[in-house]
Each structure stands twice: as structure tokens, then as C-alpha cells.
Amino acid sequence: MLFYCAFFLFSLNVKDDVLCVQSKPELSVGTERETIVPLAAESSSCGCHNLKREAVVDIEKESSKITENPAVKYSKKSNERHTDTQTNGEETDTRSQMVLIPGGEFLMGTDSPGIPQDGEGPQRRVHLDHFYMDAHEVSNRHFQSFINATGYITEAERFGDSFVFEGVLSEEVKSQISQAVAAAPWWLPVRGADWRHPEGPDSSITDSRLDHPVLHVSWQDAVAYCSWAYKRLPTEAEWEYACRGGLQERLYPWGNKLKPKGQHYANLWQGKFPTHNSEEDGYTKTSPVKSFPANGYGLYNMVGNAWEWTSDWWTVHHTTDERHNPAGPPSGTDRVKKGGSYMCHKSYCYRYRCAARSQNTPDSSASNLGFRCVSQEQP
Ligand SMILES: *[C@@H]1O[C@H](CO)[C@@H](O)[C@H](O)[C@H]1NC(C)=O
Ligand SMILES: [Ca+2]
Ligand SMILES: [Ca+2]
């Protein structure tokens, strides 16, 4: 497994909902007690807030965890229970509904980038074969059925913590955290935060939140889920083509106006980030995965709600040559995520556009990052 190669030094890099990416303040995390020490102050002129936390782990401890980790032992054959639940594209407890994205060509990226340093441009022609895509972000309910069937343990659970946006934490959890990230003080490393406990140990995903997007899942976790469901992560090109919903060169999945006829089409941040969320769209945190109108392909919350992992390695350099089914660079350090989240506000994270993009290291997890899967044929 890819990420085990780096168990001397893994980095939990949550650099999210930020304006730009030039400067990377380093934050180191000790093995015994988690101490987060800002090593470099934010110094760029653009107001970047780039989080990076590096952690040294006990190699012996990590190695023994690997053999115990059910994810390693996971195989398709061992999941009889899952294969019993095959249906014809219907929503079930274990599988989300998928929609057909017809093959075709589109203009990927933009020549009028909102955030040029993210590599949104240049615009280039891309041809894609048809594929099927989950109509919505993977929900807590669907992720729970994967966990129930496989015993998979997410990376946030193994590492023991994950990044949570301060604005959603209880006073009690907040009072127990002595570190913040200097460059982006609204991101706190919270012990015990994971997909079941999105705001730390005193939170849960019971009842209505089962239909919200699963959070605190790393790229590796997302890959494990999709392969269990006989699916895979979308390439960035597939994600962006699907986001555009059949429209050409528009900003959003529904067009160029953020709020057509005054209506909200996505779960974003209204008010003043990070201090005041006026909740005009009805949600301060995540919303159910099928809230807000679907786009032309029937896809919900492509922008906003939760960021979504793609399978591509991150680069900001793109060829303008026409490409067929491009899958990104062959290697890299970060994976591409798309769509922005409920934390995005134009003032500092104008990333809820189809051409927008950002990145995280594959072992990162956070309270606004999820995913959805695709497959070539209807599984
Ligand atoms: C997973 O297992 C728990 C405990 O048995 C159960 O309450 C829950 O409904 C299961 N979830 C799904 C989606 O099957
Ligand atoms: Ca909102
Ligand atoms: Ca989304």
C-alpha cells in the first residue's frame, strides 16, 4: 500500500479553504505528546493560510498496526454480504445511486482563473469515455456499511486525530486543545476526531447526520471504500466534466450566477469567515448529500458541502494538447481535491467553481473533506 512507504515521516497536511499556496508554514508533531510547533510564520503577501503538520511515528508500532489492519487483509471475496446487495442503480443502505455521465469532450480548466497559482489554467480540450458517478457525496450511512462489512480502520482513527474547523467545536473540546495552527487558527488538531466523531469525542453521526457526507477520510480511505463498492475515485478530468453538467465554460454546475433568482444552489459560507456564518443557505456545517438542486447530469453538491478527493496527483502545469481520458501526472506528493466546501466564502476560498482545485497529502483528513466514486460500467 502506497502510504506505508512513508511511515518514517508522514505528514498530515490540511491546507484547505485557503487563498493560495506559496508559503508552507511547517508544524511538527511529536510522537508521545502531540505538540504542534509553528516553525515558520506566514510571510507571503497574499494572505495565504497554509496548514502543514508533520508527524514522526513509532515505526515498530506502525508496523504492527499494519498487520492488524483489516484494510490490508481486505479482499473483494471476503465481502459476501456486500455482493448480496447488488441492485440496479437503486439507493440502498450499502450503495449510492449512480448516474450516467455520457462520453464527450469539454474544455477543462479556465483561461480566466479565479486563483491562478492553483493551476486552473490553461483551458484545454479533453475527451472522455462515458462513466457512471455517484449522484451524491458518499454519506456516513454508506461509509458505515463499508466499515460494518470490512472492519476497515480509517487513517484518522489510526493516527488518533484529525483537523476540525474551530467554528464547529464545542467549548469543552476547544478548552482541551492547547495548540492551534498559527497560519490558520481556525484549524485545530482534535484528538478523537474521526468519521464517527466529526467534531471530536463528544460528537456523533447518529440520526439525521447519517445522510450527511462522510468526513475525516483520507485519500487512502476513499480508495478503500470505492474499491470495496467495485468503483474507483474519479480522475480530476472526470470530476470536472461531471461538475459542468453538460454546460460549456460556466463557473458553476448550474451556470454563471452564484444565486439564480436569489436561490442557493450550494452549501457554502455566508457572512464573514471565520467569525460569522449567517447560515443563509440553511446550514452552518454540512448538509444532507441530496440537498440543493442537482446539476444537468443529476449530481448533487458537486461544489460546496464537502471537498471531494480525485485520483490525480497534483500539478499546476498542464499541457494544452488535446487529451483522451487524462489521469494526471504519474507521481507526486499531493492528491487533487475538487469542489470546495461549506467553509468556502469568496473572500478567502473562491474554490466552489468547477475549474477550481486544491490539494492535500493523501493521508490528510479534515472536517470538510469527503469524496464520491465512479465506475466505467454500472456496478
Ligand atoms: C452497522 O452496524 C451497526 C451496529 O451493528 C448498526 O447499528 C448499523 O445500522 C449498521 N449500519 C449499516 C449502514 O448497515
Ligand atoms: Ca452553509
Ligand atoms: Ca461536494
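How do the residues lining the largest cavity divide into nonpolar, polar and charged? Nine are nonpolar, two are polar and none is charged. The model is predicted.

**Cavities**
- The whole structure contains four cavities of 30 Å³ or more.
- The largest cavity has a volume of about 80 Å³.
- Its lining is made up of P253, W254, Y265, P293, A294, N295, L299, Y300, N301, M302 and V303.

- L268 sits in the loop between α8 (236-243) and β11 (271-272), while Y283 lies 15 residues away in the loop between β12 (276-277) and β13 (307-313).
- L268 has 6% relative accessibility, so it counts as buried.
- Y283, at 25%, is partly exposed.

**Disulfides**
- C226 and C373 are bonded, with sulfur atoms 2.2 Å apart. This link is left-handed, at -85 degrees about the S-S bond. It connects helix α7 (residues 219-228) to the loop between β17 (369-370) and β18 (374-375), 147 residues apart. Both cysteines, C226 and C373, are buried.
- C243 pairs with C354, again with sulfur atoms 2.2 Å apart. The S-S torsion of C243 and C354 is about -75 degrees, so this disulfide is left-handed. C243 lies in helix α8 and C354 in the loop between β15 (335-338) and β16 (358-360), 111 residues apart. C243 and C354 are buried.
- C344 is joined to C349, S to S 2.4 Å. C344 is buried at 0% relative accessibility, and C349 is buried at 0%.

Technical notes
Residues are numbered from 1 along each chain as its sequence is written. Chains are lettered from A and ligands numbered from 1 in the order in which they are written. This is a predicted model: local features need pLDDT of at least 70, side-chain atom pairs count only at pLDDT 80 or more; totals for chains, interfaces and linings use all residues. Side-chain values use heavy atoms; hydrogens and water are left out. On a 1 Å grid over the protein atoms alone, a cavity is a set of points where a 1.4 Å probe fits but cannot get out, and a pocket is an open set with protein on both sides within 12 Å along at least five of seven lines; lining residues have an atom within 4 Å of a point. Grid points are joined across faces, edges and corners, and a volume is the space filled by probe spheres set on the points. Ala, Val, Leu, Ile, Met, Phe, Trp, Tyr, Cys and Pro count as nonpolar, Asp, Glu, Lys and Arg as charged, and the others, Gly among them, as polar. Helices (H or I, at least four residues) and strands (E, at least two) are DSSP runs, numbered from the N terminus. Buried means under 20% relative accessible area, exposed over 50%, partly exposed in between (1.4 Å probe, protein chains only). A disulfide is a pair of cysteine sulfur atoms within 2.5 Å.
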